[in-house]
Amino acid sequence: MEWDAHTLKVLELDYVRQEWARRAETPFGRECALQRTPSCDEALVTLRLQETDDAVRLLQREPPPPLRAPETRPAVQKAEKGGILSPEELLGVQKLLHAARLYKSHLLPRAERYPRLAVHAERLHTLSQLEKQIAQCIAPSGEVLDSASERLAQLRRDQQRLHKRITEELHRLIHSLRDALQEPHYTIRSGRYCLPVRSDSRGRVKGIVHDASASGATLFIEPEPLVELGNRLRELQSAEQEEIEAILYGLSRAVEAEAAKLRETIDALAQLDAIIAAGRLALDWDCTMPQLNTQGEWKLRGARHPIIARAVVKPIDIELGRDWLGVLITGPNTGGKTVSLKTLGLLTLMSLLGLHIPAKDGSRVAIPNGIFADIGDEQSLQQSLSTFSGHMRHIIRYLQQAGRFSLVLLDELGAGTDPTEGAALARAILQTLLEREARVVATTHYGELKAFAYHHPRLINAAMEFDLETLQPTYRLLMGVPGASHAIEIARRLGLPERVAQRASESLGAQEVRFSEMIQDLDRARRAAEQAETEWRAKLAELAQREARLNEERATLEAEKRMLRQRMQQEAEAYLERVRAEAEQILRQLRQASRESKHTAQLREQLTTLIDQARATQRVEPADTPTSSAPVAWQVGMRVRVRSLNQIGTLAELPDGTHAQVYLGKVRMPVAVSDIEPLETPAPTPARVKRPRPAQPVPLELDLHGLRVEEAQPLLEKYLDDAILAGYDTVRILHGKGTGALRQMVWDYLKRHPQVRDRYHPPNTEGGEGATVVVFKKR
């Protein structure tokens with residue numbers, strides 16, 4: 001569609017285009033940025049925004065190489081017409097191909113991450129043969145190289161030899177004719193080697209006079225012995241120039257043969273340059289990608305006008321098109337009403353160009369059916385205030401063109417004429433646009449329009465906030481409340497005599513005074529509500545921080561509790577191993593004893609003590625087998641296992657309540673019923689499969705201090721396997737701080753380990769960054 005030129009001018013789209021083009025690196029990239037027009041095609045706008053998003057991510061993560069490509073389109077056109085390109089033009093083509101090759105090799109391997117940029121990169125033709133051919137013939141300085149052809153190299157070698165002969169002859173003549181020369185050196189006149197001969201010594205030097213000094217005292221004579229050599233040098237130079245022209249002609253024809261691919265490459269580079277320039281603009285202006293819609297809905301959050309300096313501009317929030325079709329903004333002069341209009345219009349145009357907008361993430365922008373803006377620049381952003389007739393000419397045109405989903409921005413609607421007629425005219429214009437379902441944002445000072453907006457179902461009041469205490473605008477846009485102009489208060493602050501201000505207040509009608517007081521009361525109530533909300537949110541944030549801190553402390557305590565439990569379990573297992581070893585030694589001695597004696601009685605007493613100690617220790621150790629509440633049918637002679645000793649025996653006598661007699665080999669001894677389990681009676685539930693445990697107790701910490709990375713990694717791998725087999729939930733790795741290489745190896749290995757759920761550094765009191773706590777997955 002064709003965009004309204006006046007609208008584009010007053011919204012200052014050219015400023016954005018110029019800033020965009022300034023960030024491009026090539027002349028054709030800048031031209032692409034300047035010539036791009038806003039689009040109403042949803043698919044095209046979406047593609048443009050996604051391209052810019054790809055560019056932003058590329059610049060942040062994997063910046064492309066500099067795009068040093070000069071303007072080459074005239075050279076390609078010249079070659080297509082059969083012209084001979086100069087060395088400089090051929091160098092431009094070579095630089096273009098070099099840039100295309102670099103960009104293509106940078107973008108295509110990353111096509112999955114930047115698919116929209118890869119589409120343009122695929123259109124780049126590297127033409128390596130042509131690039132190599134030009135580089136072989138033309139030096140970066142623009143000189144045609146000897147390597148361009150064997151004949152050129154031979155001609156230049158012949159010239160060098162001839163030049164050497166000429167200079168040798170000149171030095172001989174200078175030496176022999178020193179008295180006849182004005183100065184003892186030679187010079188070049190008209191491309192010929194000459195000697196500066198005094199005019200009174202003309203007869204002593206035979207040759208051709210090519211020049212004379214202004215005074216006539218010096219004649220520049222080419223000596224007769226050098227005439228033939230000079231002629232031969234001229235012939236070689238002419239042949240050299242002919243060979244250079246032949247080389248340039250051949251290169252020009254090679255460019256002509258690839259002209260179509262070169263044009264496509266230039267176009268693709270122009271698109272890429274413009275897109276990446278849009279990415280630079282988005283980063284420089286801290287922009288985000290807007291969410292598009294075709295339902296005529298705008299929701300800008302933290303929107304900033306890009307022309308105003310970041311340190312000065314006040315972000316605004318504005319909604320339009322969902323719950324209401326129009327917004328009527330009121331407030332004092334210099335309060336930011338016009339800037340709000342321009343911000344909405346300019347950010348919409350930026351979105352339609354495919355540029356990201358200076359607003360918070362999540363902002364929504366509609367694709368409008370045209371944008372129409374009539375803005376009188378009272379803030380001197382660019383223009384002076386238009387006359388009433390000028391305003392009306394634009395508005396009449398907009399009423400003829402605007403329709404559903406059009407965005408219409410009207411500044412000081414109805415101003416510049418009689419207030420009563422102006423307000424009536426403004427109401428009629430607003431009513432007409434709203435009936436057409438256009439989206440309208442207008443500014444005004446008329447109190448009648450505030451009441452009109454209050455009662456209209458599709459129109460909402462908005463106000464530019466004004467601090468009644470300081471009599472200063474805050475530039476915040478407040479949706480849903482009407483604003484006051486505060487003209488009398490501002491005039492007082494600027495020095496208006498109090499008597500005059502008092503008369504002005506008394507001249508206001510009673511209804512106007514009540515209306516103004518109502519607005520002020522609403523403003524005070526709103527401020528109080530905002531203050532209460534701010535305090536409430538601060539308390540919520542404090543509670544959330546406390547909750548997070550308590551959760552962190554609880555998690556730390558749970559981790560410490562698990563580690564303590566594991567340490568106790570490890571110590572208990574180690575103790576049980578020692579007890580069992582001692583018990584087995586005692587049992588061996590008892591089995592080897594041939595008869596009862598005082599010594600065997602002492603051994604039995606020691607064994608009973610060990611069993612009691614083992615049972616006490618087992619209270620901190622998780623049971624290896626599930627217990628059953630079903631009664632056991634004990635039978636003499638049945639095989640049983642003594643849990644505390646992990647020994648298999650035979651039941652010698654039925655239990656008498658708490659103890660039973662059990663044979664362990666030839667040794668008969670009393671054992672608590674709770675410490676034995678039958679082996680011949682099947683368990684009521686399937687036996688749980690036990691994990692194999694390491695042969696030795698596994699410590700809760702692994703100390704890697706002083707080890708190199710290649711020494712530490714095998715120890716870390718084995719230790720984690722042993723800890724998992726031991727059933728630990730968490731362990732700790734001590735690696736120290738040092739250079740960080742050991743810690744990096746530990747973290748990289750834990751990141752890849754399939755059984756590791758989490759890893760973190762403990763508090764500084766427990767090692768800080770010199771240690772790592774490992775949390776295993778639940779099993």
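Predicted model: local features only at pLDDT ≥ 70, side-chain atom pairs only at ≥ 80, totals over all residues.

Asp 158 has a relative accessible area of 19% and is buried, whereas Arg 161, at 47% relative accessibility, counts as partly exposed.

## Other charged pairs

Side chains of opposite charge can pair when their charged atoms come close. Another such pair is Arg 537 with Glu 533, whose closest N and O atoms are 3.0 Å apart. These two residues are separated by about one helical turn, because they are 4 residues apart in helix α18. Glu 533 counts as partly exposed, at 37% relative accessibility. Elsewhere, salt bridges that share partners join Glu 19, Arg 22, Arg 23 and Asp 284 into one network.

The side chains of Glu 62 and Arg 113 also meet in a salt bridge, at 3.0 Å from N to O. This pair links distant parts of the chain, since Glu 62 is in the loop between α4 (42-61) and α5 (73-80) and Arg 113 is in the loop between α6 (87-107) and α7 (115-121), 51 residues apart. Glu 62 counts as buried at 18% relative accessibility, while Arg 113 counts as partly exposed at 40%.

## A covered strand and its partners

Strand β21 (residues 730-734) is mostly covered, with 5 of its 5 residues buried. In a regular strand the side chains alternate between the two faces of the sheet. In β21, Thr 730, Arg 732 and Leu 734 point one way, and Val 731 and Ile 733 point the other way.

Strand β20 (residues 701-703) pairs with β21 in the parallel sense over 3 bridges, and Glu 701 has Arg 732 in β21 as its bridge partner. The chain passes from β20 through helix α20 (residues 709-725) to β21 in a right-handed β-α-β crossover. Strand β23 (residues 771-776) runs antiparallel to β21 and is joined to it by 5 bridges, with Ile 733 standing opposite Thr 772 in β23.

## An open sheet

An open sheet is formed by 4 strands in the order β1-β2-β4-β3, with antiparallel pairing. Because β1 (187-189) and β3 (207-212) stand at the edges, each with a single partner strand, one side of each is left without a neighbour in the sheet.

Notes: Residues numbered from 1 in each chain as written. Heavy atoms only, no water. Buried < 20%, exposed > 50% of the residue type's maximum accessible area, 1.4 Å probe, protein only. Pairing = 2+ DSSP bridges. Right-handed = clockwise from strand over helix to strand, strands pointing away. Salt bridge = Lys/Arg side-chain N within 4 Å of Asp/Glu carboxyl O.
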